[in-house]
Amino acid sequence: MVTVADLAEDDETAAELLALAIEQAEDLNHTEVQEIGMHRFDPARHFTAMSTRSC
């Protein structure tokens, strides 16, 4: 489930799409969302990537 507002859309349409996305998010499985987030944004992997970058 993905909601994307085209940049050409007016503010009212974008607001309606945002409201729809919020309603859809209420039905998500919170544990599954957290697992996906931890997999995509693994803190250890992120730290390693950031610490090997030059300033």
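Visitor: Where is V2 found relative to α1?
Guide: This is a predicted model, where local features need pLDDT of at least 70, side-chain atom pairs count only at pLDDT 80 or more, and totals for chains, interfaces and linings use all residues. Residues are numbered from 1 along each chain as its sequence is written, and side-chain values use heavy atoms, with hydrogens and water left out. Helices are DSSP runs of H or I with at least four residues, strands are E runs of at least two, and both are numbered from the N terminus. α1 spans 11-25, and V2 is found in the segment before α1.

Visitor: Is V2 buried or exposed?
Guide: Buried means under 20% relative accessible area, exposed means over 50%, and partly exposed lies in between (1.4 Å probe, protein chains only). V2 has a relative accessible area of 75%, so V2 is exposed.

Visitor: How far apart in space are V2 and A21?
Guide: In sequence, V2 and A21 are 19 residues apart. In space, C-alpha to C-alpha, the distance is 7.7 Å.

Visitor: How many helices does the protein have?
Guide: The pattern along the sequence is α-α-α. There are 0 strands. The helices number 3.

Visitor: What count of buried residues does α2 have?
Guide: Helix α2 covers residues 30-40, which is 11 residues. This helix is hardly covered. Across the 55 residues of the protein, 0% count as buried. For α2, the count is 0.

Visitor: Which residue caps the N-terminal end of α2?
Guide: A side-chain oxygen of the capping residue lies 2.9 Å from the backbone nitrogen of T31. The cap is N29.

Note on methods. A polar contact is a pair of N or O atoms within 3.5 Å; within protein, one must be able to donate a hydrogen and the other to accept it, and residues adjacent in sequence count only if both atoms are side-chain atoms.
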